[in-house]
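Welcome! Have a look at the sequence and the model below before reading on.

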Amino acid sequence: MNALANKHILLGVTGGIAAYKAPELVRRLRDAGADVRVVLTDAAAAFVTPLTLQAVSGRPVHQALLSAEAESGMGHIELARWADLILIAPATADFMARLAHGFADDLLAACCRASRAPLAIAPAMNAGMWENAATQRNLRQLVDDAVRVFGPASGSQACGEVGEGRMLEPLELVALCAAQFGAGALAGRRVVVSAGPTFEDIDPVRFIGNRSSGRMGYAIAQAAREAGAEVTLVTGPVALADPSGVAVQRVRSALQMRDAVLSAVATADVYVGTAAVADYRPAAPAGRKIKKDRDALSVELIRNPDILSEVAALQRRPFTVGFAAETDDVLAYARRKLDDKRLDLIAANTVGAGLGFETDDNALTLLWPGGQRELARASKAALARALIAEIAERLHARG
Ligand code: C5P
């Protein structure tokens, strides 16, 4: 099932600040079953020590090209042959330039030249360096040379700027590596995602709605598809294009969403409820437009079913994931929701300050019984990939 099991990943680390994430990446690749060997450039060794990478990879770290000792062990040709995939993470602007121009003047560049394995890069650099004409020219060359390019993401950078050039998070890179081996982390699984708001009609022209844009749910549906799942997206009214390769079911009200979700999850392995379902609906929607002939108007509201709780209570329940958007005390509320609704995982986020509804960026804390994990501020697409990777990992762990 696990696409990375026993795969040989040659991880090249080049000299950028994102190299501090390399040990975490090695651990995540190994958690996914891969056998990892690390090649470090001299500049990278200024950011992360060979000893750390040796400890987490459980293998000697390779650094020198022109060393009799190194070449008598596993030299560049053996490393190049050993690899099923070469991943350069982080890939600096300088390394991209050397790769694009065919250099082979250090061990990592020589391995890239000598190997017939697929080669992927995870660029990481300051936004200005990324946008620079030479970098973009080299990028086009690399894409022409069939190099896979993972990322970069946009967001806040170590240099203090905000923009494109952040390395993808380790879990996202693991998912993208797994996808290189045909089967994604969710291959053969069925995933149902709910997204967007629900509209609860007051009369034929008015409704109660909310500010959910649907972007997070659409990104999750797309990420699940990229991870190889068969995906059904049940969506309330939003202004977004359908994600490709996903079966989309459009609904309007909470009751319609509940029917669509319950029938879709009957055969699903995973349900992710991102929809901002209206908690209440008008008890008796008027059949005709209500006239403004009164000074005050009361509309009686009654509770809507909690779709997520109903899915979690099913006898044959999928791995059930909820969202908790709060303005305060996010983690406490989220943990309580995880328990009350008997969820397998909940993604908590603070709404406001440029995060949450109607924004491109978000930050999430994932909580599950007995653990939690922070996903730092990033685009919703990047967060969705990281969330899907975590779901896949927990699903596999559960067997
Ligand atoms: O309880 P609260 O509405 O804060 O919980 C949010 C989570 O519950 C989201 O995952 C949302 O999709 C789900 N939910 C639901 N049905 C409702 C209300 C919320 O599925 N009626």
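The notes that follow walk through a few local features, grouped by topic.

This is a predicted model.

**An enclosed helix**

- Helix H5 covers residues 93-100, and because six of its eight residues are buried, it is largely enclosed by the rest of the structure.
- The buried residues of H5 are Ala-93, Phe-95, Met-96, Arg-98, Leu-99 and Ala-100.
- These buried residues pack against strand E3, helix H6 (107-114), strand E4 (119-123), helix H7 (127-131) and helix H8 (133-144).
- Just after H5 comes Gly-102, which takes a positive phi of about 80°.

**A tryptophan to look for**

- Trp-130 lies in helix H7, one of the elements that the buried residues of H5 pack against.
- Trp-130 has a relative accessible area of 7%; the cut-off for buried is under 20%, so Trp-130 counts as buried.
- Leaving aside residues up to four places away in sequence, Trp-130 touches Met-96, Pro-123, Met-125, Thr-135, Gln-136, Leu-139, Pro-152 and Glu-164.
- The C-alpha atom of Trp-130 is separated by 60 Å from that of Asp-295, and the two residues are 165 apart along the chain.

- Strand E6 (residues 153-156) and strand E7 (residues 162-166) run antiparallel and are joined by four bridges.
- Within this pairing, Ser-154 stands opposite Glu-164 in E7, and Glu-164 is also one of the residues that Trp-130 touches.
- The hairpin has five residues between its strands, and Gly-160 there has a positive phi near 100°.

- How do helix H10 (residues 215-226) and helix H14 (residues 380-398) meet? Their axes come within 8 Å and cross at roughly 50°, which makes H10 oblique to H14.
- The crossing of H10 and H14 is right-handed.
- On the H10 side, the residues in contact are Arg-215, Met-216, Ala-219, Ile-220, Ala-223, Ala-224 and Glu-226.
- On the H14 side, they are Lys-380, Ala-381, Leu-383, Ala-384, Arg-385, Leu-387 and Ile-388.
- Sorted by class, this contact of H10 with H14 has 10 nonpolar residues, four charged residues and no polar ones.

**Backbone details worth a look**

- As background, most residues other than glycine have a negative phi, and most peptide bonds are trans.
- The peptide bond joining Ala-89 and Pro-90 is cis, with omega about 0°, and Pro-90 is found in strand E3 (residues 85-91).
- A cis peptide bond also runs from Gly-151 to Pro-152, with omega near 0°.
- Asn-6 is not a glycine, yet it has a positive phi of about 60°.
- Asn-6 belongs to the segment before strand E1 (8-13) and is exposed, with a relative accessible area of 65%.
- Asp-329, not a glycine either, has a positive phi of about 50°.
- Asp-329 lies in the loop between strand E16 (319-326) and helix H13 (330-340), and its relative accessible area of 56% makes it exposed.

How values were computed: Residues numbered from 1 in each chain as written. Predicted model: local features only at pLDDT ≥ 70, side-chain atom pairs only at ≥ 80, totals over all residues. Heavy atoms only, no water. Pairing = 2+ DSSP bridges. Helix = DSSP H or I, 4+ residues; strand = E, 2+ residues; numbered from the N terminus. Buried < 20%, exposed > 50% of the residue type's maximum accessible area, 1.4 Å probe, protein only. Axes fitted to C-alpha atoms, helices over the stretch in contact; angles between N-to-C directions. Parallel < 35°, antiparallel > 145°, perpendicular 65-115°, else oblique. Left-handed = near helix turned anticlockwise from the far one by under 90°. Contact = heavy atoms within 4.5 Å. Nonpolar A, V, L, I, M, F, W, Y, C, P; charged D, E, K, R; others polar.
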